[in-house]
Amino acid sequence: MGCRISVEDIAFNYPGGATVFTGISLAVDEGCVYSLLGPNGTGKSTLLKCMAGLISPSHGRVHLDGRDIAGMQPHEIARQVGFVPQTQVSPFPFMVRDIVLMGRASHLGPFATPSAEDEEIAADALGRVGISHLADRPCTGISGGEWQLVLIARAIAQRPGILLLDEPTSHLDLGNQVRVLDVIRGLAEDGMTIVVATHFPDHALLTSNQVAILKDQRILAMGSPEEVIGEDTMHRAYGVDVRILHLDDPFNRRICVPVMGPSRGTAP
Amino acid sequence: MRQSSTSADVQTNGGATVTGTAAANQAHNRSWGEQHPGTILMLLLGVLGVLAFVALMVGRYMIPPETVIAALLSSVFPIEETWAATATSAVVNVRIPRIIAGLLVGAGLAISGASFQGMFRNPLVSSQILGVASGAGFGAAIGILLSDSLVLVQILSFVFGLLAVGMAYGLSRVRSTTPILMLVLSGIVITSLFSALTSMVKYVADPMNKMPAIVFWLLGSLNHVSAPDLMILGPIIAVSIVGLLAVRWRINVLTMGDEEARALGVNTERLKVVIILLSTVITAAAVCMSGIIGWIGLVIPHMGRMLVGPDNRYLLPISVLLGGAFLIAVDTVARTAAPAEIPIGILTAVIGAPIFAVLLRRNNPGW
């Protein structure tokens, strides 16, 4: 299980000069699910975009299988790295199957249109996330949860070894959150390397092998979820009190629950 | 701790189905055309053929269909002429070049509009958004002001069309990328600049002959298309149309936005340059040949989307045929409806607007 993707001492500044983060290093091993936690605005999305080669870090390097991605063409990166962004639905009412088909772009020449084989790969990807029934629906007429699954299916059709997901469970109801997590877990079991930015410590506990917390431009803590997601670290990261509880058999796992003091409004 | 059983239940059937309220009971609403784009394409090809043939027949000088066919054949095979020589001349020397020009200009403006709408992710833009028409109009205006040479007018028009878009593109570069919003704003700036300059040329032009010539030219017409024009500009437009058709599926990917398209492996900056260059060459060549004809680049792609949906694999070829057929039809009206020829730029809007309004009210498109 070697390292698939790593960032080395990277920093990102906005053109105006404001620093998003600095001195970040992390390495993601093959088949690992790596969660990025941290408050709003700490640069989780920015870090993922640097890892996907979509923006260039102001300092430091990103390595893909030991190769610096700064020198790679978009289609070379895209064959290795799938990126599931947080986006609005397309302005045009494309069929869901046509959206997923776009995942094949990195495998096709500049003047090519997708073949029957590409259509098949796209159909498989839809089946993989359980939304084959949406194939012929316009993407402007589906729910937010369905759109998230469409984007994941599109990334699967790309056939990458590494999948980067930017807050895939935000804006989803509880049922769709769990469905997305289930898909992520299934992909990891098939050997895909996954990095996921999330706002939910519980989701990191449910799915990941490794966790890093970004805070104040740096990494506050990194390691296994059990080590990192503790009451003290969560307080330092988010400034609120949480309790880490243990669910007994058959689940045998930890959960993270926010707690609030007694309401000040109702004091006698 | 008591474990909640609901989360386990959801997980067991998770991934199999997604229960969104919109998902369950909404029927598939793909139109017949979206399911049979090939049939629509063939039908349109037939319509285009019929329209072209009708355009050969009608005009100030009406020619019966059998004479049109005979005149067409006589230009290829040695057939003894049993009809008036003026008919052959009207068909072969006047109407055919004009119909080919209408086909190329209409097809070119429509496909560049459709490509731009995809690239800008906005169905409200046309191929003129980066200032090509405004720049080409200015070039033509100074050409008319300074000389009586039609060739010079055309060259200046073409060069200023490209120059305007080059300026808009240069203005929108931010750290070796060209964000869509910057492109739109730069296009607005350049368009305004060249419109103002054109107004200034009109203001200083001789109001007895030069100014009407500029105004009439800006309104657009296929009246002064010549065979040499077609020999030079025709292949330029045709090759650019083929170029846009070649990247039509990539334009689908580009509609997801620059960042997503790049994540999917598309070299977005290169693709955008290709689309801008081809569309601009088409529009500048079209303006050279026929003046400024608005409306087609905006509305034909919408009509195409109503027929076959938003997939550019089908929308771009459909736009080519629709645009060509529409301009041939409008030009036929322009040269037959009134004693004097009506400027085509006026007619495209006068005819196109009600058609589009009706389509818009009847089908409620999903964009």
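**Stop one: a positive phi in a loop**

Select A:Gln217: with 15 C-beta neighbours inside 10 Å, A:Gln217 counts as partly exposed. The cut-offs are these: a residue is buried if 20 or more other C-beta atoms lie within 10 Å of its own, exposed if 12 or fewer, and partly exposed in between, with C-beta atoms placed from the backbone. A:Gln217 is not a glycine, yet has a positive phi of about 70 degrees. Look for A:Gln217 in the loop between S9 and S10 of chain A. Helices (H or I, at least four residues) and strands (E, at least two) are DSSP runs, numbered from the N terminus.

This is a predicted model: local features need pLDDT of at least 70, side-chain atom pairs count only at pLDDT 80 or more, and totals for chains, interfaces and linings use all residues. Residues are numbered from 1 along each chain as its sequence is written, and chains are lettered from A and ligands numbered from 1 in the order in which they are written.

Strand S9 (residues 210-215) of chain A pairs with S10(A) in the antiparallel sense over five bridges. Two strands pair if DSSP finds at least two bridges between them. A:Lys215 is opposite A:Arg218 in S10(A).

**Stop three: strand S7**

Select residues 162-166 of chain A. Are the residues of S7(A) buried or exposed? Five of its five residues are buried. A:Ile162, A:Leu164 and A:Asp166 point one way, while A:Leu163 and A:Leu165 point the other way.

Check both sides. Strand S6 (residues 81-84) of chain A pairs with S7(A) in the parallel sense over four bridges, and A:Val81 stands opposite A:Ile162. Strand S8 (residues 193-197) of chain A runs parallel to S7(A), joined by five bridges. A:Leu165 has A:Val196 as its bridge partner in S8(A). From S7(A) the chain crosses through helix H6 (residues 174-189) to S8(A), and this β-α-β crossover is right-handed. Right-handed means that, with the strands pointing away from the viewer, the path from the first strand over the helix to the second runs clockwise.

Stay in the loop between S7 and H6 of chain A for A:Glu167. Phi of A:Glu167 is near 45 degrees, a positive value in a residue other than glycine. A:Glu167 counts as buried because 21 other C-beta atoms lie within 10 Å. Most residues other than glycine have a negative phi, and most peptide bonds are trans.

Jump to strand S11 (residues 242-247) of chain A. Six bridges join S11(A) to strand S12 (residues 253-258), and the two run antiparallel. A:Ile244 faces A:Cys256 in S12(A) as its opposite residue. Five residues lie between S11(A) and S12(A) in this hairpin, and A:Asn252 in the turn has a positive phi of about 50 degrees. Select A:Pro250 in the loop between these strands. The peptide bond from A:Asp249 to A:Pro250 is cis, with omega near 5 degrees.

**Last stop: chain B**

Switch to chain B: 17 helices and zero strands. Its C-alpha trace spans about 100 × 50 × 35 Å along its principal axes. Of the 367 residues in chain B, 48% are buried.
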